[in-house]
Amino acid sequence: MSHGEGLRQSQEAVIGKTQKTNSIQQIRYACSIAALHSACAIPRVIPITHCGPGCADKQFMNVAFYNGFQGGGYGGGAVVPSTNATEKEVVFGGMERLRELIAASLEVLEADLFVVLTGCISDLVGDDVGSVVKEFQLRGVPIVYAETGGFKGNNFTGHELVTRAIIDQFVGDDEGPRDSGVVNVWSLLPFHNTFWRGDLAEMKRILEGVGLQVNILFGHESRGVAEWKGIPRAQFNLVLSPWLGLETAEHLQEKYGQPYLHVPVIPIGAKQTSAFLRQVVEFAGLDREKAEQFIQKEENTYYRYLEDFSDFYAEYWWGLPAQFAVIGDSAYNLALTKFLVNQLGVIPGKLIITENPPERFREGIREQFRTIADDVSVEVEFEEDSWRIHQLIRQTYFGHKPPIIFGTTWERDLVKELKGAIVEVGFPASYEVVLSRSYVGYRGALTLLEKIYTTTVSASA
Amino acid sequence: MKLNLNTPVVENREQRLGTIIAWDGAASELSAESAYARGACGAGCGEKARRVCELQGPFTQGSVCSEQMVECQAGNVRDAVLIQHAPIGCGAGQVIYNSIYRNGLAMRKLPVENLRLICTNLQESDMVFGGVEKLEQSIRDAWERHRPKAIFIGTSCATGIIGDDVDSVASRLEEELAIPVIPLHCEGFRSKHWSTGFDATQHGIVRQIVRKNPQKQEDLVNVICLWGTDVFTPMLKELGLRVNYVVDLATVEELAQLSEAAATVGFCHTLASYLATALEQAFGVPEIKAPQPYGFAGTDAWIRELARVTGREAQAEAYIAKEHARVKPRLEELRQRLKGKKGYVATGSAYAHGLIAVLRELGVEVDGSLVFHHDPVYDSQDPRQDSLSHLVDHYGDVPHFSVSNRQQYQFYGLLQRVKPDFILIRHNGLAPLASRLGIPAAPLGDEHHALGYQGMLNLGETILEILARKKFHDDLAAHTQLPYKQAWLRQSDPFILARKRQAEAKGSYD
């Protein structure tokens, strides 16, 4: 388009026409090196970053701080070891500097495992990071590396690289016997998902409730590297997400001959959670009767609370939103939509998936939304640029009253414009403080209901 | 030494000012070693006159880069757009600076909105074939989406290494769009200290936004600041002066009129150094050569100098007398309540000098302080701006004065040396450690909080609030786990690794 043409068009016409380009405004994911969070999400594991002076800080402050103010935990935070590469490393390479940093990290820091991650500089100048790390591995130092230069992919793909690095370089081969009833869980992306700590804890709780022993792998409920060492002994892998973790599960199947169960929908609420648990019980061949006892007990509690809630849901004078939009990555988007449609009877207006899932998984994700309920089918859109996302929302008809938007901080202005309500459920959630809160399973669903309707009610006068 | 405003690339701080990021000793020693007066540190440190000896250790923790400062400066200009010419990871900074921008707008009573940063989202193939086409596309997107009054372009490590010709794209589109399109060279690896990013932004503004044929406004004063509350308007009103706030939250027009002001001041010489000097050099706008406005000594001198330059001496004396009388009774009460308390300041360099002065006015003991870098001289090279010497001369020495670029592993030992009751801090990374040791922190998100006469009262009140948090911190300290080895925590010299390496390099370690 020529400059003159651009000037002639009115602002509105331009907005309507804007085509997808390379530009990303108001980001919804970070780059591969942000997978340093996948390392420090494991108790007593510390990342070592080989990158420019701003990379580690930038990923932490944005992914873990201004996103629920989660904090860095034991081995994370803005001050993870970093080479803080300078012009010297750009010109002469950074291997010597990395070697020095790793050696010094061993003197200063107490960790069960170090994970070296590289940034753009190292990957562009071609440092042979593998050979530097190997020197330490040969000395028996628990250390692995992953090449996570920022131009190579986002933090979702970086997460799988880090996971793979730990499995291949630290856990290693295993020919031992399988322990039946043990499962490895691969699910939410740590830290990027604002509620991952609480959610993984709830997943572990309900899976244990039906009789499994759970390697949850990340977060405060994980036993750290001992649990990771136990990965090969598990009976099976559970991938509880639309696509993240599938590559890992496929790798584990190949490496250890371990089967996996893929459940794309993270369950929220009794209906979905009970169905999920029954599916797992079936797959794992667990004691059905014992499992049913747990399910019944959980459902009983859940529905007593729902009865209490129904007074409000039926009688609240000032009206509740009837339509919703979700702007977020596929895992939470699918989970929320399933719950809102099937259990609450709220109408989906617009659903946008923002994490740029690999092409090969997209059709599967679309299909999940097309069959979201017996009587509801939705077409999702894949979009990463918030400018375009907000245009899509503006162009959506939400009926006669404003929608409730499940999104991020980026939607705050848009929601004001629409006079709707916002629940920040994903990266970045800069106006939420999150400790152990969970929105999944039985208990998380109740918290989610509290959050949705507190938001609605508190905005009513 | 004149600033070179003719090339698009700013000269970095270590080259211009001899900036260092690691040092340990007494404030008086550092001030003596710094160039203003007092010369170099001896034969070991090279030929540059203002070279201060620097300790470089093998262990380093994540720092901050120049590009981040470009994001938080150029990216927070209200009717401009900043393009981050980078892979998506650099775009992560949009999150924090959006938060700071929104809250800053609210503090300044401006309409709250999201910032406008666009990442060119470079990928592997762009590393091979170059990313300038994507840059051009993003500039056009910025134009179509926002019709900005100016477009800034921040470079990244990746684009610096692959050598994208950002300057020629910028100048071509500047001509076509008829707005300033300003390349800011801020590759993270180019400078060891992030403050070079302030300079990069200010360099671009002076070169391409500031009006070249200024119509002087004799009552306008440039205030170089970040996002803090508007404390300058009421102060300067007493002298019949108006405030032109830059760089964050300014409009492009406010930046354009920088050359028309009667004077330039800042809340911190670190931040203001480059822009204030450039405006004086290129447009004759005088920079106020005075200590920073903290404590009675600094604020009095600062107001008097501003009044002298703008011809308002009488108003200044009346204002100074009125303010002294107003704040002294409450200050006396605060001194009583803070008696015996020990504070510790961990902030940017010149800002720390100001904060320590305020703590001393409050009667708080300050035996130690950490600054993230040290500039042996500011761009004006005027000794009246020697903020460290001003501190030492007026408020006494700080025996443990360390320069450490946000290195948490050293911070542990630094706190052990002086065992403060609280810390003052702005940047992330250190306060969580202090917290886990039982020491509460007063984060100064509003950087104007401690400024001027009222600032002494503000800070006193804040410290009282913070001390109450001791209960939370004691409980936490009793149950905390640090990731540092016991051997390291027992180490009494936080700079030992660097000293060892230095000695080994000289071959004389024993």
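This is a predicted model: local features need pLDDT of at least 70, side-chain atom pairs count only at pLDDT 80 or more; totals for chains, interfaces and linings use all residues.
Residues are numbered from 1 along each chain as its sequence is written, chains are lettered from A and ligands numbered from 1 in the order in which they are written, and side-chain values use heavy atoms, with hydrogens and water left out.

**Chain A: two domains**

Select domain 2 (179–288) and domain 3 (315–460) of chain A, whose bounds come from an automatic or database domain assignment. Between them they bury about 2800 Å², 65% of it on carbon and sulfur atoms; buried area is the accessible area (1.4 Å probe) that two parts lose on being put together, summed over both. Now pick out Phe195(A), Trp243(A) and Ile268(A), which in domain 2 of chain A lose the most area to domain 3 of chain A. Next, show the side chains of Arg360(A) and Glu250(A), which meet in a salt bridge at 3.5 Å, N to O (a side-chain nitrogen of Lys or Arg within 4 Å of a carboxyl oxygen of Asp or Glu).

**Chain B: a loop residue and a helix**

Move to Arg312(B), in the loop between α14 (295–310) and α15 (313–338) of chain B; helices are DSSP runs of H or I, at least four residues, and strands runs of E, at least two, numbered from the N terminus. Arg312(B) is buried at a relative accessible area of 8%, because buried means under 20%, exposed over 50% and partly exposed in between (1.4 Å probe, protein chains only). Its side chain makes a polar contact with that of Glu218(B), at 3.2 Å.

Then select α13(B), where twelve of the 15 residues are buried, among them Tyr274(B) and Phe283(B). After this helix comes Gly284(B), whose phi is positive, near 70°.

**Last stop**

Finish at Phe189(B), in the loop between β5 (181–184) and α10 (196–208) of chain B, which is buried at 6% relative accessibility. Phe189(B) is in contact (heavy atoms within 4.5 Å) with residues including Pro53(A), Val90(A) and Cys157(B).

Terms used
A polar contact is a pair of N or O atoms within 3.5 Å; within protein, one must be able to donate a hydrogen and the other to accept it, and residues adjacent in sequence count only if both atoms are side-chain atoms. Lists of a residue's contacts leave out its neighbours within four places in sequence.
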